[in-house]
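Me: I'd like to learn how to read aromatic ring pairs in a model. Can you walk me through it?

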Amino acid sequence: VYYLLPTMGGSGHGAGCGLPEVIVFILALVAGTGCSLTSKVLLDMESVGMDGNMKKFEKPLFQTLGMFVGMCAALFLHAGVIMFRLPFPGYKHPKSTSKKAGYSSVGDVGDDDDEDEKPNTNIPLWMYFLLIIPSLFDLAATALCMLGLLHVQVSIYQMLRGSAIIFVAILKHFALGDKLRNFMWIGVFWNVVSIILVGLTVILADDGDEGGDSGKDPAKGVMLILAGAFVQSLQYAFEEKVMSMEVCAPPLLLIGMEGFWGTVVCTFVLYPICYSLPGNDVGGVMENPYDTWVMMENSAELRQMFLLYFLSIFFYNALAVLVTFMLNSVWHAILDNFRPITVWGTDLFIFYAVTTSFGEEWTKWSYIQLAGLFVLLYGTAVYNAPHAGSIKLEGDVLSCFIKCDYEGLEGADDVEAQALVAKDDDGAANGVYQSPYQSPFMTPNTRAKRDKERKAAERMGKKIAKGDRAGSFA
């Protein structure tokens, strides 16, 4: 934690890591831990289905639907913030009650008391339909990860989801031309090594389990979760882009509309498809919603656990999007790297201190997984250099005898360039922050160009209203 929390300057709304940002991050971590644990517990709980048999509640699509329904509650919070002028990041409330409350984009860090600054008050219709895109990302990622979670332990699942950072880095470098420094690539390399170690843990544990669970395929689970992590990386970046546009989506609306569209797609598209495709559920289908209903009716414990899962999902998604808004998408991705620590620790505690029916047992292969966890944190610390608390590769033992050039990275004046500054072709530092975890849709160069145009216009005495600023994806 020491290597990560103090180090990540952001290009988000707050552009830094103060007490509010730390609190939101920690709360998101707690909610995310509850989300992962309750999800796995639900899959392991048993109830009587419509066929009269006691069986496990392996209903990944229903869990996905529950997640989206929980996110829909953010629409009511969004309306409440606007109506009652509640303080919330991303919303501006003028002192005059005769003026409408509005919202701001991630890049606008202005004076809230500026009466001449017109907040966005009218959200165009196209924005509501645009938000179907991140909901589809979230839907695909969650469905893939839920299917993978059926086959692996929750700690393995959580560590593999951290691979989203690797996918975002590759996307930034090769697709968008935001070149990474050598030490950053080394950090990404160690993250890849951690994923390999986790995968090795799964394979060895599966080979050594002579009486393994019927129908479990750990290798398949790993591939499904990695695929879900790739899709999730696209969602992280897209969320930051949508909240960075001049015609932007405030965070609560973003969450709520993602939930709305996800609920619609799950109910009217995916459920009919899964009910018609062959599978192992009652009736020989992939997932039977009627059997799900009966199992819920027959178990009060199952309903209570689902309610806890529902609440954890809602608070985690709300807080995670706030992390992206208050800082940037790297914090959202880093959040999934912290969760393996809390998830695994809590899972071990449940098994050894609460009940052996749930939780996770420590095995002889867990040492490899633990090594993978340390490598994951080490790689992230290397990547974050030269921030305070990170690891600079200076040729010593801690650097694995690797020495990298950090010239031009120290003492950057710009807030967004406080640690990671790219170089021009001639080798000179250009002062542009180059984190590969920032939005691949609004690059640092795009943001810097926009801010430069604003300052130039203001020097000429022209006040740029938000409604006059470009907000396209071009």
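Reply: Start with a cluster: ring pairs link F57, F62, F306 and Y309. Rings of Phe, Tyr and Trp (its six-membered ring) pair if their centres lie within 6.5 Å; planes under 30 degrees apart count as stacked, over 60 as edge-to-face and the rest as tilted. Keep in mind that this is a predicted model, where local features need pLDDT of at least 70, side-chain atom pairs count only at pLDDT 80 or more, and totals for chains, interfaces and linings use all residues. Residues are numbered from 1 along each chain as its sequence is written, and side-chain values use heavy atoms, with hydrogens and water left out.

Me: How many aromatic pairs does this rule count?

Reply: The count is 13.

Me: What describes a pair of aromatic rings?

Reply: The distance of the centres and the angle of the planes. Take F306 and Y309: their centres are 6.0 Å apart and the planes sit at 40°, so this pair is tilted. Both residues lie in helix α11 (residues 300-326), three residues apart, about one turn of the helix. (Helices are DSSP runs of H or I, at least four residues, numbered from the N terminus.)

Me: Are F306 and Y309 buried or exposed?

Reply: Buried means under 20% relative accessible area, exposed over 50%, partly exposed in between (1.4 Å probe, protein chains only). F306 has 13%, so it counts as buried, and Y309 is buried at 1%.

Me: Which kind of pair do W362 and Y367 form?

Reply: Their ring centres are 5.1 Å apart with planes at 85°, so that pair is edge-to-face. W362 is partly exposed at 28%, while Y367 is exposed at 55%.

How values were computed: Helices (H or I, at least four residues) and strands (E, at least two) are DSSP runs, numbered from the N terminus.
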